[in-house]
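Subject: Structure handover

Hello,

Here is the structure I promised you. Please open it and keep it beside this email while you read. My notes follow below.

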Amino acid sequence: MRVECKIDQDYKESYAVLHIKRMTQKIAEIISILEREETESLTVIAAREKKKFFLKPEDIVLVRTEGREIVCYDKMKNRYVLDKPLYELENILDSYFVRISKSTIINIRQIHHVEAAFNGTMELVMKNGVTDYISRNFKKTFKERLGLK
């Protein structure tokens with residue numbers, strides 16, 4: 001089998017295209033490995049109680065600014081301080097994360113419920129109990145990502 005690999009820093013997301021004559025067990029295993037590669041290798045380094053933690057994106061519920069800090073909350077509602085700016089985290093987190101305001105990014109797999117709030121905003125309650133608001137400027141994008149009208 002001939003293999004070709006092209007490395008380009010301009011790609012936002014890695015992808016693979018396979019041209020195969022027929023599906024085999026080995027090719028299926030390779031596809032499975034490639035699909036897991038992106039999320040398994042990514043970790044976010046966070047600090048809590050003077051310790052460094054390596055968080056997987058699927059364990060992160062919400063990332064937001066609080067005062068001068070960028071913080072995230074995990075499934076157990078633990079609060080961590082991050083050293084990357086919000087825009088950089090938005091670029092490295094997977095497609096299950098969406099920005100809901102200028103100061104918050106959420107994991108859509110961790111949404112408990114959403115309800116109408118004041119001035120056209122929407123209140124968002126995450127499965128771990130953390131709440132935030134979807135601003136009017138980001139409401140359309142949020143609804144599109146969830147397939148809502």
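What percentage of the 149 residues of the protein count as buried? The figure is 31%. Buried means under 20% relative accessible area, exposed means over 50%, and partly exposed is in between (1.4 Å probe, protein chains only).

First, some ground rules. This is a predicted model, in which local features need pLDDT of at least 70 and side-chain atom pairs count only at pLDDT 80 or more, while totals for chains, interfaces and linings use all residues. Residues are numbered from 1 along each chain as its sequence is written, and side-chain values use heavy atoms, with hydrogens and water left out.

**Overall layout**

The protein has three helices and 10 strands. Both are DSSP runs, numbered from the N terminus: helices (H or I) have at least four residues, strands (E) at least two. Starting at the N terminus, the order is α-β-β-β-β-β-α-β-β-β-β-β-α. The C-alpha trace spans about 60 × 45 × 30 Å along its principal axes.

The exposed surface comes to about 11000 Å², and carbon and sulfur atoms supply 51% of it. Such areas come from the Shrake-Rupley method with a 1.4 Å probe; for residues, only the protein chains shown count as cover.

Now contacts, meaning heavy atoms within 4.5 Å. Take the contacts with a separation of 6 or more: residues 24 or more positions apart account for 38% of them.

**The cores**

A nonpolar core is a set of buried Ala, Val, Leu, Ile, Met, Phe, Trp, Tyr and Cys residues joined through side-chain atoms within 4.5 Å. The largest one here has 15 residues. Leu-62, Ile-100, Ile-106, Ile-111, Leu-124, Met-126 and Phe-142 touch the most other members. Strands E3 (60–66), E4 (69–74), E6 (97–101) and E9 (122–126) each give two or more residues to this core. E9 provides the largest share, three residues. Apart from this core lies another, of 14 residues, including Val-63, Leu-82, Leu-86 and Leu-93.

Look closely at Leu-124. Beyond four places in sequence, the residues Leu-124 touches include Ile-100, Ile-106, Ile-111 and Phe-142.

**Charges and salt bridges**

There are 28 positive and 23 negative side chains, and the centres of the two sets lie 3 Å apart. Lys and Arg count as positive, Asp and Glu as negative; His and the chain ends are not counted. Each charge is placed at NZ of Lys, CZ of Arg, CG of Asp or CD of Glu.

Side chains of opposite charge can pair when their charged atoms come close. A salt bridge is a side-chain nitrogen of Lys or Arg within 4 Å of a carboxyl oxygen of Asp or Glu. The whole structure holds seven.

- Arg-64 and Glu-66 meet at 2.9 Å, N to O. Arg-64 is buried at 15% relative accessible area, and Glu-66 is partly exposed at 23%.
- Glu-69 and Arg-79 have their closest N and O atoms 2.9 Å apart. Glu-69 is in strand E4 and Arg-79 in strand E5 (residues 79–82), 10 residues apart.
- Arg-99 and Glu-90 meet at 3.1 Å, N to O. Arg-99 is buried at 13%, whereas Glu-90 is partly exposed at 34%.

Salt bridges that share partners join Arg-64, Glu-66, Glu-69, Arg-79 and Asp-132 into one network.

Which side chain of opposite charge is nearest to Glu-123? That is Arg-64, 9.6 Å away. Glu-123 is buried yet has no salt bridge. Glu-123 sits in strand E9. Among its contacts beyond four places in sequence are His-113, Thr-131 and Tyr-133.

**Loops**

Asn-128 lies in the loop between E9 and strand E10 (131–134). Asn-128 is buried, at 12% relative accessible area. Outside its sequence neighbours up to four places away, Asn-128 touches Val-61, Tyr-73, Asp-74, Lys-75 and Lys-77.

Two lysines have a positive phi. Lys-50 has phi near 60°. Lys-50 is in the loop between strand E1 (44–48) and strand E2 (51–55), and is exposed at 90% relative accessibility. Lys-77 has phi near 70°. Lys-77 is in the loop between E4 and E5, and is partly exposed at 46%.

Best wishes
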